[in-house]
Amino acid sequence: PLRSTQYKGISLYVIKDILRSIVDVPEEELCSFWRELKKQLDSEGFDIYCEISSFNFEGIVEECVDRATVFRIVQSIDSPQAEAFKQWFAQLAEERIEEYMNPALAVERARDRYIERGYSPEWIKSRMQSITTHSQLLDEWSARGATKKDYEKLSNTINKETFGVTLQEHKEYKNVSDGSLRDNMSAMELAIANLAELTTSELHKNNNSQGVDELNKDAIEGGRTASFAREQIELTLGKPVLTPENALD
């Protein structure tokens with residue numbers, strides 16, 4: 001099994017588990033194999049993720065790496081097992097280039113993957129709309145002086161005002177350790193989150209907001225507006241919009 005843990009919102013994987021799956025090396029030689037591979041990667045200029053990279057798994061301290069490092073490691077190993085992953089990476093790269101040249105392909109592929117995973121047509125419609133709205137909101141933030149570091153703060157503000165929980169608390173409530181929170185929301189949660197972001201985006205335009213402080217004020221107001229709508233829906237339905245169910249449910 002591939003063991004993993006979360007640190008500062010980043011998924012980290014036990015390097016020994018990765019190596020066992022793609023190289024034919026005796027167990028007692030895995031540590032020395034990894035040491036030599038790290039030297040090779042370092043000589044090639046690759047910066048290995050190393051911030052507090054050792055974690056305790058059932059009493060044993062294991063060194064972990066992030067997903068980008070896993071991909072880079074696979075590329076540096078010659079083995080039949082690694083070759084299958086390399087071909088998959090090449091296919092993903094080709095798809096990304098195609099999507100860059102024709103953005104509509106990304107939308108169609110996303111819809112197809114949601115269908116393959118068994119999501120309902122109603123949910124997929126809400127999710128695709130939320131992707132568009134979120135992208136437009138990020139464009140507004142970028143144009144009005146916010147940086148990528150500010151996006152998380154602003155997104156947390158909207159979610160806190162809308163649902164009463166931060167993004168991390170929302171993920172914990174739904175038992176989502178990895179992956180997208182939006183992909184684990186119900187159709188109703190998505191609709192309310194979409195309303196909050198759409199309202200916030202319109203407030204930015206109406207107020208001609210500039211800078212993080214003004215954007216955050218709009219985020220508070222946009223979230224509160226969506227929260228009012230959520231409360232009215234809950235009164236009508238007789239049940240909360242926020243649900244612990246996730247995509248697996």
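A residue counts as buried under 20% relative accessible area, as exposed over 50%, and as partly exposed in between, using a 1.4 Å probe and protein chains only.

1. A word on the basis first. This is a predicted model, in which local features need pLDDT of at least 70 and side-chain atom pairs count only at pLDDT 80 or more, while totals for chains, interfaces and linings use all residues. Residues are numbered from 1 along each chain as its sequence is written, and side-chain values use heavy atoms, with hydrogens and water left out.

2. Let me start with Glu95, which sits in helix α4 (helices are DSSP runs of H or I with at least four residues, numbered from the N terminus). Glu95 is buried because its relative accessible area is 16%. Its side chain joins that of Arg113 in a polar contact of 2.8 Å (a pair of N or O atoms within 3.5 Å; within protein, one must be able to donate a hydrogen and the other to accept it, and residues adjacent in sequence count only if both atoms are side-chain atoms). If neighbours within four places in sequence are set aside, Glu95 is in contact with Arg109 and Arg113 (contact means heavy atoms within 4.5 Å).

3. Helix α5 (residues 103-116) packs on α4 at an angle of about 125°, with the axes 5 Å apart (axes are lines fitted to C-alpha atoms, for helices over the stretch in contact, and angles run from 0 to 180 degrees between N-to-C directions). The pair is therefore oblique (under 35 degrees is roughly parallel, over 145 roughly antiparallel, 65 to 115 roughly perpendicular, and the rest oblique). From α4 the contact takes Glu95, Glu98, Glu99, Tyr100 and Met101, and from α5 Pro103, Leu105, Ala106, Arg109 and Arg113. By class, this contact has five nonpolar, no polar and five charged residues (Ala, Val, Leu, Ile, Met, Phe, Trp, Tyr, Cys and Pro are nonpolar; Asp, Glu, Lys and Arg are charged; the others, Gly among them, are polar).

4. Helix α4 (residues 80-101) also packs with helix α3 (residues 67-75), at about 120° and with axes 9 Å apart. That angle makes α3 oblique to α4. Phe71, Val74 and Gln75 of α3 meet Ala82, Phe85, Lys86 and Phe89 of α4. Here the residues divide into five nonpolar, one polar and one charged.

5. Finally, Thr69 belongs to helix α3. Thr69 is buried, with a relative accessible area of 1%.

Methods: Helices (H or I, at least four residues) and strands (E, at least two) are DSSP runs, numbered from the N terminus.
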